[in-house]
Amino acid sequence: MGKINNVTEFIFWGLSQNLESEEVCFVVFSFFYTVILLGNVLIMLTVYMGNLFKVPMYFFLNYLSFVDICYSSVTAPKMIVDLLAKSKTISYAECMLQLFGVHFFGCTEIFILTVMAYDRYVAICKPLHYTTIMDQGRCNKMLLGTWIGGFLHSIIQVAMVVQLPFCGPNEIDHYFCDVHPVLKLACTDTYVVGVVVTANSGTITLGSFVILIISYTIILMSLRKHSAEGRRKALSTCGSHIAVVIIFFGPCTFMYMRPDTTFSEDKMVAVFYTIITPMLNPLIYTLRNAEVKNAMKRLWGRRVFSKANGK
């Protein structure tokens with residue numbers, strides 16, 4: 001029997017059904033999205049204008065900011081517009097595209113964070129071999145690997161959902177198309193698909209999280225051999241990385257490390273990793289990370305100063 005697809009569009013319930021709280025959310029999330037764009041563009045400009053691509057930490061930080069912009073842009077603009085819309089609809093094709101985008105950029109972000117942990121591990125635990133191990137060629141290969149990994153993960157998720165028949169209800173209790181809410185609408189048994197989807201997301205989320213925890217534990221233990229100044233500098237950098245990892249992976253683990261079920265809290269948890277994390281990343285990296293802060297001061301301070309003198 002062929003796949004029956006009577007559903008041409010889905011209807012989101014959105015973050016809230018309360019009109020007043022939707023208006024408040026519109027203002028709040030418009031502000032958040034603006035901060036995401038400005039903060040991450042500022043980091044990218046700092047790396048570009050300061051010609052810092054040769055330093056692996058900045059090289060990956062630049063792409064983390066780029067992924068953050070893409071990742072939040074897959075869901076945030078539609079969600080913000082929908083907050084003031086009477087009907088929150090999305091076509092079937094757009095829904096599948098959004099599902100792909102969320103998992104593609106989300107998974108790529110996970111892999112970039114893992115690569116950044118490896119970079120810190122080499123810098124702190126093998127400082128003499130750092131330039132040899134983290135040369136430009138290897139950095140490029142690692143970056144390519146993060147994108148390929150993200151693509152493979154998301155193409156599996158979408159392939160699993162696309163083959164399902166949707167013939168009845170088309171209302172999604174969410175503000176974007178994610179795997180679990182969409183699976184609930186399929187008019188067939190989705191147990192096997194649910195298991196594959198959870199195994200796919202869960203393995204990546206938990207596997208990367210465990211690798212990150214082990215990496216930072218080794219780094220923190222090795223810091224005991226360093227001088228007080230070296231320890232303070234390394235803790236400043238690693239502290240920002242660890243904060244980002246916990247803020248991102250906590251909600252991700254809650255969402256994807258469980259069977260094919262949906263909870264009423266899912267929407268609020270999703271806000272955390274689709275909007276709050278991309279907004280906090282630039283703040284954490286600039287305020288907590290002495291090296292990034294100094295790079296910004298050097299670059300932007302010099303520019304502002306030279307402009308002032310020019311006048």
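**View 1. In what order do the three strands of the open sheet lie, and is the pairing mixed or of one kind?** The order is β2-β1-β3, and the pairing is mixed. Here strands (E, at least two residues) and helices (H or I, at least four residues) are DSSP runs, numbered from the N terminus. Two strands pair if DSSP finds at least two bridges between them. At the edges you will find β2 (89–91) and β3 (171–172), each of which pairs on one side only. Strand β1 (residues 9–12) runs parallel to β3, and two bridges link this pair. Look for I11, which stands opposite E171 in β3.

Before you go on, note that this is a predicted model, in which local features need pLDDT of at least 70, side-chain atom pairs count only at pLDDT 80 or more, and totals for chains, interfaces and linings use all residues. Residues are numbered from 1 along each chain as its sequence is written, and side-chain values use heavy atoms, with hydrogens and water left out.

**View 2. Helix α3 meets the sheet and helix α5.** α3 lies across β1, β2 and β3, and runs at about 90° to β2. Contact means heavy atoms within 4.5 Å. On α5 (residues 136–162), α3 packs at an angle of about 145°, with the axes 8 Å apart. Axes are lines fitted to C-alpha atoms, for helices over the stretch in contact, and angles run from 0 to 180 degrees between N-to-C directions. The crossing of α3 and α5 is right-handed; that word applies if the near helix is turned clockwise from the far one by less than a right angle, and left-handed if anticlockwise. Their contact has 19 nonpolar, eight polar and no charged residues. In this count Ala, Val, Leu, Ile, Met, Phe, Trp, Tyr, Cys and Pro are nonpolar, Asp, Glu, Lys and Arg are charged, and the others, Gly among them, are polar.

**View 3. The largest pocket opens up here.** A pocket is an open set of points on a 1 Å grid over the protein atoms alone, with protein on both sides within 12 Å along at least five of seven lines; a cavity is a set where a 1.4 Å probe fits but cannot get out, and lining residues have an atom within 4 Å of a point. The largest pocket has a volume of about 230 Å³; a volume is the space filled by probe spheres set on the points, which are joined across faces, edges and corners. Its lining includes R120, Y130, H226, K233 and E291. Two or more residues come from each of α3 (92–125) and α8 (228–256), and α8 gives the largest share, four residues. By class, six lining residues are nonpolar, three polar and three charged.

**View 4. The largest cavity.** Three cavities of 30 Å³ or more turn up in the whole structure, and the largest has a volume of about 120 Å³. Of its 14 lining residues, H103, G106, C107, I110 and Y256 are closest to its centre. α3 gives the most to this lining, with five residues. The lining has nine nonpolar, five polar and no charged residues.

**View 5. The second largest cavity.** This one has a volume of about 50 Å³. Among its lining residues are F12, M79, D82, K88 and Y175. Helix α2 (residues 56–83) supplies the largest share, three residues.
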